[in-house]
Amino acid sequence: MTAEPRPPAVNRTQSFFLAGTMQGARSGSSLVDQSYRAALTASIRARCPGAIIHDPGLLMAEWEVAHPADIRAAHAGLTGTRPIHRSELAPELVDLTDMFHELTLLAARSDVCVAWLPGHEPSMGTAAEMLSAFRAGRTVVTVTAMRQNLAVLACSTVILPDLPAFAQWLDREAAPRHVT
């Protein structure tokens, strides 16, 4: 009697969360160049066409459009030196901080959190997303030169130096696996 062949590994759609510097160390609404998001998305789509990609840059833009209150003005008003208490924040800023928490939870629910941290500029938001994903047992792939940063080291499954290395990692990880 011969054993029946084992079924192939389950081919399920992976989800990717694109963590990365948005504001970084800048104040107000000044953002870091966000073109890395399109590059990461293209790299993922080329190797995992059915992947679900959660891009906080797009999600935040959609959220802002859906909230007619002047979020940017309220955010800019925080520049004073007075203490800031969450209980005293303008409603649109409470909504904005709630959105931040929703994004960290989305990072934790995604299969892979890709953290883009170019150069040596840390990002507190990215660190929160990485920690959330790591604590949830997800794969955290960090693309950065900050190999000795403790938060990066503690919350990454793998640290890669650049986009080509990320593409190579995807090639290895997205390759079909055969169960024998």
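This is a predicted model: local features need pLDDT of at least 70, side-chain atom pairs count only at pLDDT 80 or more; totals for chains, interfaces and linings use all residues.
**Entry 1. Overall make-up**

I began with the inventory of secondary structure. The protein has seven helices and five strands. Reading along the sequence, I get the pattern β-α-β-α-α-α-β-α-β-α-β-α. I then looked up burial for the chain: of its 180 residues, 34% count as buried. I also checked how far apart in sequence the contacting residues lie. Taking contacts between residues at least 6 apart in sequence, 62% join residues at least 24 apart.

**Entry 2. Strand 1**

I went through strand 1 residue by residue. Six of its six residues are buried, so strand 1 is largely enclosed by the rest of the structure. Which residues of strand 1 lie on one side and which on the other? S15, F17 and A19 are on one side, F16, L18 and G20 are on the other, and all are buried, with both faces covered.

I then listed the pairing of strand 1. With strand 2 it pairs in the parallel sense over three bridges, and the bridge partner of F17 in strand 2 is H54. With strand 3, strand 1 pairs in the parallel sense over five bridges. Here I picked out F16, whose bridge partner in strand 3 is V112.

Next I looked up strand 4 (residues 139-144). Why is strand 4 described as largely enclosed by the rest of the structure? Five of its six residues are buried, so the description follows from that count. On one side, strand 4 pairs with strand 3 (residues 112-117) in the parallel sense over six bridges. One partner I noted is V140 in strand 4, which bridges to C113. Between these strands the chain passes through helix 5 (residues 124-135), and this β-α-β crossover from strand 3 to strand 4 is right-handed.

I then turned to strand 5 (residues 158-160), which runs parallel to strand 4 and is joined to it by three bridges. The bridge partner of V143 in strand 5 is L160.

**Entry 3. Helix 4 against helix 5**

I looked up the packing of helix 4 (residues 91-109) on helix 5. The angle is about 40°, and the axes are 7 Å apart. That angle makes helix 4 oblique to helix 5. The crossing of helix 4 and helix 5 is right-handed. Helix 4 contributes F100, L103, T104, L105, A107 and A108 to the contact, and helix 5 contributes G125, A128, E129, S132 and A133.

**Entry 4. Helix 1 against helix 7**

From helix 1, the residues involved are A39, L40, S43, I44 and R47. They meet L163, F166, A167, L170, D171 and A174 in helix 7.

**Entry 5. L89**

L89 sits in the loop between helix 3 (71-76) and helix 4. Is L89 buried or exposed? Its relative accessibility is 17%; the cut-off for buried is under 20%, so L89 counts as buried. Leaving aside neighbours within four places in sequence, I find L89 in contact with L78, I84 and V94. For L78 I also took the spacing: L89 and L78 are 11 residues apart in sequence, and their C-alpha atoms are 9.2 Å apart in space.

Conventions. Residues are numbered from 1 along each chain as its sequence is written. Side-chain values use heavy atoms; hydrogens and water are left out. Buried means under 20% relative accessible area, exposed over 50%, partly exposed in between (1.4 Å probe, protein chains only). Helices (H or I, at least four residues) and strands (E, at least two) are DSSP runs, numbered from the N terminus. Two strands pair if DSSP finds at least two bridges between them. A crossover is right-handed if, with the strands pointing away from the viewer, the path from the first strand over the helix to the second runs clockwise. Axes are lines fitted to C-alpha atoms, for helices over the stretch in contact, and angles run from 0 to 180 degrees between N-to-C directions. Angles under 35 degrees count as roughly parallel, over 145 as roughly antiparallel, 65 to 115 as roughly perpendicular and the rest as oblique. A crossing is left-handed if the near helix is turned anticlockwise from the far one by less than a right angle, and right-handed if clockwise. Contact means heavy atoms within 4.5 Å.
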